[in-house]
Amino acid sequence: MTAPTRFDHQALKAGASITLMLAVPPTLIARFVLDTQENSSGWAPLLTLIAVAGFIIGAGVAAQQQNRLTPLLHGVIASTGSFVVVQAALVIVKLFLSSDIRFGRMLTSLSVSLVASVVGSLLGMFLANQNSQKK
């Protein structure tokens with residue numbers, strides 16, 4: 001028998017999967033397609049909102065499904081952790097392509113993803129409490 005761990009790996013996988021599925025595609029579209037255009041497009045705010053919704057939903061799933069009584073931690077790690085992994089991959093690609101890396105933009109995006117992760121975690125906690133009260 002294994003010792004209990006601090007993290008519910010299934011909840012982290014579920015939350016990270018949802019985050020990667022919903023938040024990464026609009027982020028990549030905005031980064032590689034819209035950043036290369038000369039004039040500003042109205043698509044950028046919409047893609048940003050879709051990505052933020054992906055972070056919220058992913059964090060909420062991780063927070064709701066965890067069973068270690070640490071929903072906020074699970075939501076933030078699943079959602080913001082996914083963001084950090086994707087950003088690290090993008091930095092490696094940009095280094096390989098000798099492209100400029102905008103650290104200010106990355107820190108701003110990290111802040112937005114962190115806030116969205118906290119909001120999603122709180123919503124997941126609320127839903128988990130509602131479900132447990134119905135039982």
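The axes of helix 3 and helix 4 come within 8 Å and cross at roughly 155°. That angle is over 145°, the cut-off for roughly antiparallel, and the two helices are therefore roughly antiparallel to each other. The model is a predicted one. Its protein chain has four helices and zero strands, in the order α-α-α-α from the N terminus.

**Chain as a whole**

- The protein chain has 135 residues, of which 33% count as buried.
- Taking contacts in the protein chain between residues at least 6 apart in sequence, 82% join residues at least 24 apart.

**Helix 3 against helix 4**

- The crossing of helix 3 and helix 4 is right-handed.
- On the helix 3 side, the residues that meet helix 4 are Pro71, Leu72, Gly75, Val76, Ser79, Thr80, Phe83, Val84, Gln87 and Val91.
- On the helix 4 side, their partners are Met106, Ser109, Leu110, Ser113, Leu114, Ser117, Val118, Ser121 and Met125.

**Helix 4**

- Helix 4 covers residues 103–134, which is 32 residues.
- From first C-alpha to last, helix 4 reaches 46 Å, close to the 46 Å expected at 1.5 Å a residue.
- Buried positions in helix 4 are Met106, Ser113, Ala116, Ser117, Gly120, Ser121 and Gly124.
- An α-helix has 3.6 residues a turn, so residues three or four places apart point the same way.

**Helix 2 against helix 4**

- The axes of helix 2 and helix 4 come within 6 Å and cross at roughly 40°.
- Helix 2 and helix 4 are therefore oblique to each other, since angles under 35° would count as roughly parallel.
- This crossing, between helix 2 and helix 4, is right-handed.

**Helix 2**

- Helix 2 is made of 23 residues.
- Its first and last C-alpha atoms are 33 Å apart, close to the 33 Å expected at 1.5 Å a residue.
- Leu47, Ala51, Val52, Gly54, Phe55, Gly58, Ala59, Gly60, Val61, Ala62 and Ala63 are the buried residues of helix 2.

**Gly54**

- Gly54 is a residue of helix 2 and has a relative accessible area of 0%, so it is buried.
- Leaving aside residues up to four places away in sequence, Gly54 touches Thr19, Leu22 and Ala23.
- Gly54 is 39 residues from Gly15 in sequence, and their C-alpha atoms are 9.8 Å apart in space.

**The aromatic pair**

- One aromatic pair is found in a search of the whole structure.
- The ring centres of Phe55 and Phe83 are 6.0 Å apart and the planes lie at 70°, so the pair is edge-to-face; the cut-off for that class is over 60°.
- The pair links distant parts of the chain, with Phe55 in helix 2 and Phe83 in helix 3, 28 residues apart.
- Phe55 is buried because its relative accessibility is 8%, under the 20% limit.
- Phe83 also has a relative accessibility of 8% and counts as buried.

**Loop residues with positive phi**

- Most residues other than glycine have a negative phi.
- Leu69 has a phi near 65°, a positive value in a residue other than glycine.
- Leu69 sits in the loop between helix 2 and helix 3 and is exposed, with a relative accessible area of 79%.
- Ser98 has a phi near 55°, again positive in a residue other than glycine.
- Ser98 sits in the loop between helix 3 and helix 4 and counts as exposed at 67% relative accessibility.

**Gln10 in helix 1**

- Gln10 belongs to helix 1, residues 9–34.
- Gln10 has a relative accessibility of 55% and therefore counts as exposed, the limit being over 50%.
- Gln10 and Gln66 are 56 residues apart in sequence, while their C-alpha atoms are 7.7 Å apart in space.

Methods. Residues are numbered from 1 along each chain as its sequence is written. This is a predicted model: local features need pLDDT of at least 70, side-chain atom pairs count only at pLDDT 80 or more; totals for chains, interfaces and linings use all residues. Side-chain values use heavy atoms; hydrogens and water are left out. The expected span of a helix is 1.5 Å times one less than its number of residues. Buried means under 20% relative accessible area, exposed over 50%, partly exposed in between (1.4 Å probe, protein chains only). Rings of Phe, Tyr and Trp (its six-membered ring) pair if their centres lie within 6.5 Å; planes under 30 degrees apart count as stacked, over 60 as edge-to-face and the rest as tilted. Contact means heavy atoms within 4.5 Å. Axes are lines fitted to C-alpha atoms, for helices over the stretch in contact, and angles run from 0 to 180 degrees between N-to-C directions. Angles under 35 degrees count as roughly parallel, over 145 as roughly antiparallel, 65 to 115 as roughly perpendicular and the rest as oblique. A crossing is left-handed if the near helix is turned anticlockwise from the far one by less than a right angle, and right-handed if clockwise.
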